[in-house]
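Please walk me through this structure in the viewer, one selection at a time. For each stop, say what to select and what is there.

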Amino acid sequence: MEVVFRDIEEGAAFVSAGRTVTEADIVNFAGLSGDFNPLHMDEEWVRANTKFPTRIAHGLLVHSIGEGLTCAELSGWKILAFLETQRKMLLPVLPGDRISQRYTVKSKKPSSKDPSRGVVEVEVAITNHRGEVVQEGYNKYLIGGEG
């Protein structure tokens, strides 16, 4: 069933399934993005220069995986456009960490031209398997109406 703008309730919360971030994910993302920073690629450099025990996942990789972990409830939304996204990277994600994404509907604003559709802002928190928030921020979507 397709969920339209009027059906989305402020305060509603949803949690995605989880996914384990692997070393292969980090290497593949580096190749895709061109970001070969030693934080992500050189375990010895990381140990010598940071407090981290091993290399860390790219913040944008974690953001991307989080978006791919969308939950069944959001999959039904009639999303016409993904308008805006923002994340704060709070804690590192290491290979072997399992992450999931929590969504909370923060606000709804109907379109002035067509109030059957509008912008929905969703607070997002990505947590690891220890329950720690590793990233937080928001997404804004344009949600369609019926028809």
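How many helices and how many strands are there in the chain? The chain has five helices and six strands. This is a predicted model, so every stop on the tour concerns computed coordinates.

**Whole chain**

Start with the chain as a C-alpha trace. Along its principal axes the trace spans about 55 × 30 × 25 Å. Colour by secondary structure and follow the elements from the N terminus: they run β-β-α-α-α-α-α-β-β-β-β. Of the 147 residues, 39% count as buried. Among contacts with a separation of 6 or more, 70% are between residues 24 or more positions apart.

**Helices α1 and α4**

Select residues 23-33, which are helix α1, and residues 59-68, which are helix α4. Their axes come within 10 Å and cross at roughly 110°. The two helices are therefore roughly perpendicular to each other. Now show side chains at the crossing. From α1, the contact is made by Asp25, Ile26 and Phe29; from α4, by Leu60, Leu61, Ser64 and Ile65. By class, this contact has five nonpolar residues, one polar and one charged.

Keep α4 selected. Which residues of α4 are buried? They are Leu61, Val62, His63, Ile65 and Gly66.

**His63**

Stay in helix α4 and centre on His63. With a relative accessible area of 11%, His63 is buried, because the cut-off for buried is under 20%. Leaving out residues up to four places away in sequence, His63 touches Thr85, Arg87, Ile126 and Gln135.

**Aromatic rings**

Next, display the rings of Phe, Tyr and Trp. The structure holds three aromatic pairs. Select Phe14 and Trp77: how are their planes set, stacked or edge-to-face? The ring centres are 6.3 Å apart and the planes stand at 80°, so the pair is edge-to-face; planes over 60 degrees apart count as such.

Trace each partner back to its element. Phe14 lies in strand β1 (residues 13-15), while Trp77 is in the loop between α5 (72-75) and β3 (79-89). The pair thus ties together parts that are 63 residues apart in sequence. Both partners are buried by the cut-off: Phe14 has 15% relative accessibility, and Trp77 has a relative accessible area of 7%.

Together with Phe14 and Trp77 they form one aromatic cluster.

**Ala81**

Move to Ala81, in strand β3. Is Ala81 buried or partly exposed? At 24% relative accessibility, Ala81 counts as partly exposed. Apart from its neighbours within four places in sequence, Ala81 is in contact with Lys140, Tyr141 and Leu142. Tyr141 is also a member of the aromatic cluster. Draw a distance from the C-alpha atom of Ala81 to that of Ile143: the two are separated by 7.3 Å, although they are 62 residues apart along the chain.

**Lys108 and Phe5**

For the last stop, select Lys108 and Phe5. What sits over the ring of Phe5? The charged end of Lys108 does, at 4.5 Å from the ring centre.

Key. Residues numbered from 1 in each chain as written. Heavy atoms only, no water. Phe/Tyr/Trp six-rings, centres within 6.5 Å; stacked < 30°, edge-to-face > 60°. Helix = DSSP H or I, 4+ residues; strand = E, 2+ residues; numbered from the N terminus. Buried < 20%, exposed > 50% of the residue type's maximum accessible area, 1.4 Å probe, protein only. Lys NZ or Arg CZ within 6 Å of the ring centre and 35° of its normal. Axes fitted to C-alpha atoms, helices over the stretch in contact; angles between N-to-C directions. Parallel < 35°, antiparallel > 145°, perpendicular 65-115°, else oblique. Contact = heavy atoms within 4.5 Å. Nonpolar A, V, L, I, M, F, W, Y, C, P; charged D, E, K, R; others polar.
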